[in-house]
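Okay, everyone, thanks for coming. Have a look at the structure on the screen, and I'll talk you through how two chains meet.

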Amino acid sequence: MRRRDPGEAPPRRLVGLVDCSAFYCSCERVFDPRLEGVPVAVLSNNDGCVIARSAEVKAAGVKMGAPFFKCREELREIGAAVYSSNYTLYGDMSRRVMETLHSFTPDVAQYSIDEAFLAVPTPREAFEGDPEAARLKVEALAREIRQRVLRWTGIPVRVSFAETKTLAKAASEYAKVLLSRGQAPCVCLWRHPDRDRWLAEMDVADVWGVGRRWSQRLRDLGGGTATRLADLPDALVRSRFNVVLLRTVHELRGRPCLPLDDAPVARQTLVKSRSFGEPVSDIGSLSQALSTHAARAAEKLRREGLVAGHVSAFITTKRYGHGPHRSGSATVVLPVETADTGALIRAARSCLGRAYVAEDRDGRPYRYRKAGVMLCEIRPAGTEQRPLFDAGPEVATPERLALMRALDSANQRFGKRAVVFGSMGAPETLRRTREASGAPGWEMRRQRMSPRYTTRWDELLTVRA
Amino acid sequence: MRPSTHASRGEPGLHVVAIARAADVLPFDAIPVALCRVSAGFPSPAADYLDGQLDLHELLGVDAASCYFVRVEGESMTGERILDGDIVLVNRAVEPVSGSVVVACLDGELTLKRLVKDRAGVRLLPGNPGYPTIHVGREQDLVIWGVVTFSIHDHRMRAAVSRVARAA
């Protein structure tokens, strides 16, 4: 690492990364304290794969993304509690964590459901010739942040500070090491005595922004650790890779290049799809599923103030399991871009009509395992082209827009799918989520979901008096 | 601050203080509206005495990240006027001092009791003579989940009938 000369001015502010430990598992533990010390795993949609592991499950060797049917035995042997993902709960707990961070500083940039960057001004001791005192102050703040988040939400977090986002990410790995030694996972990498050693030991593949593709090439060029990567000449990085990696290199050297709040790219596509709980062969069930996906996609468009011009629908048997396999899809170009639920459902069903094949040449029915809707040609609402020809019954008249607003408002107030279009299926079909009924339902399997403790009056945490 | 100056946080000599986020300052629905239009009709004498609406969220502190609603099952706190089937608001941010009604986690089990800490040790008190005081031993694991701030009780006859029906 290019040696920092003592005359270099301290940064004006320090960037912190707050990273929840095993977030989904931690959420489950908050509301069921008996899980403390018990291995916890959370499964993806349809109870398919492991998407969250507590420390104990990790230690037992269960890999992230492992299919549940493959590690079921292993999990049973270690006495793990396994849950279906409860995104409603996780989303609300995430909001609470972020709000807690806001109580420290307004400069909070949420990065994912369980991570956020934040910025704090560098303590004045740094400018008064005592950087060590400044660093200790920042570490004390980091511990205070961890304490408050743990107290207010029950979620354990790592807090790591550094001059740049990339270094804060690197410091977070170091915080994990501290935790394993029984210390608080709170660290300030800036002016830390172990900084140089730690970055010299860090594999380049673990640096934020360096993917698998680049890490081997970088190793071959002599940039196999974080330190060595930072020492590569700019010209080499720019010519052999790209400016994105160059930014990472500068950030590793301590020069912030990434804004705290990276403005998200305007959405290009929107996909809503789900795998089925049970394979489905009849066009009626597929139609219901696609209507529901189209409705959800329409809601999201409206929420984000967008409209879409192309609607595609796809159905697939996937490539495993018995039976003939195929995938089919079709696209409809709408006469005018829209976010109208009715229009999008109509388009999706029209696609299904063209994409659906009931059985193969030998008369064996196709057993579809997944269906979805994809919207493209997405633009901000209000920029739609006026139609040259008849645009159909769902033209965005003020009445139609008011209908959509009323629909969204009712669903928000009374719960998702309180008001639905008939094509989405009867209420019993829609609610067949947790019951193991004999009849096939295309709703996804979520047999081990915990209650929505913080968003449903009828699913509150119960305490014995 | 002159318009041409670019102020940044932490710059020595320039002190920028964040006061609040706009989203926190505006109440969620109580934005006062003028009671009458100035142009036409009878000007209301109340126009100068505008007030917001009573905001339950504000009174109870419901919106805080640390507040959770919890349902109560059981009779041990009836003397504290927390009854079976009530909902309590639990604030994890409040310091659990001796005398607080708390949701406590004792050896992994959640329970609603009054916390007492004194020279004699730590105890969890029920609010009903029919239930025992729990003395928390040194080897036991006690974590306070949160402090109860408010409780919600439905006084309508229907609720009383269903409680009686359950007891029968």
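Let's start with a term: buried area is the accessible area, taken with a 1.4 Å probe, that two parts lose on being put together, summed over both. By that count, chain A and chain B bury about 2,800 Å² between them, 58% of it on carbon and sulfur atoms. In chain A, the residues that lose the most area to chain B are A:Arg151, A:Val463 and A:Ala465, together 24% of what that side buries.

Quick housekeeping: this is a predicted model, where local features need pLDDT of at least 70 and side-chain atom pairs count only at pLDDT 80 or more, while totals for chains, interfaces and linings use all residues. Residues are numbered from 1 along each chain as its sequence is written, chains are lettered from A in the order in which they are written, and side-chain values use heavy atoms, with hydrogens and water left out.

Now, who touches whom? With contact meaning heavy atoms within 4.5 Å, 27 residues of chain A are in contact with 36 residues of chain B.

How many salt bridges does the rule find across the interface of chain A and chain B? Two, a salt bridge being a side-chain nitrogen of Lys or Arg within 4 Å of a carboxyl oxygen of Asp or Glu. The side chains of A:Arg464 and B:Glu73 meet in a salt bridge, at 3.8 Å, N to O.
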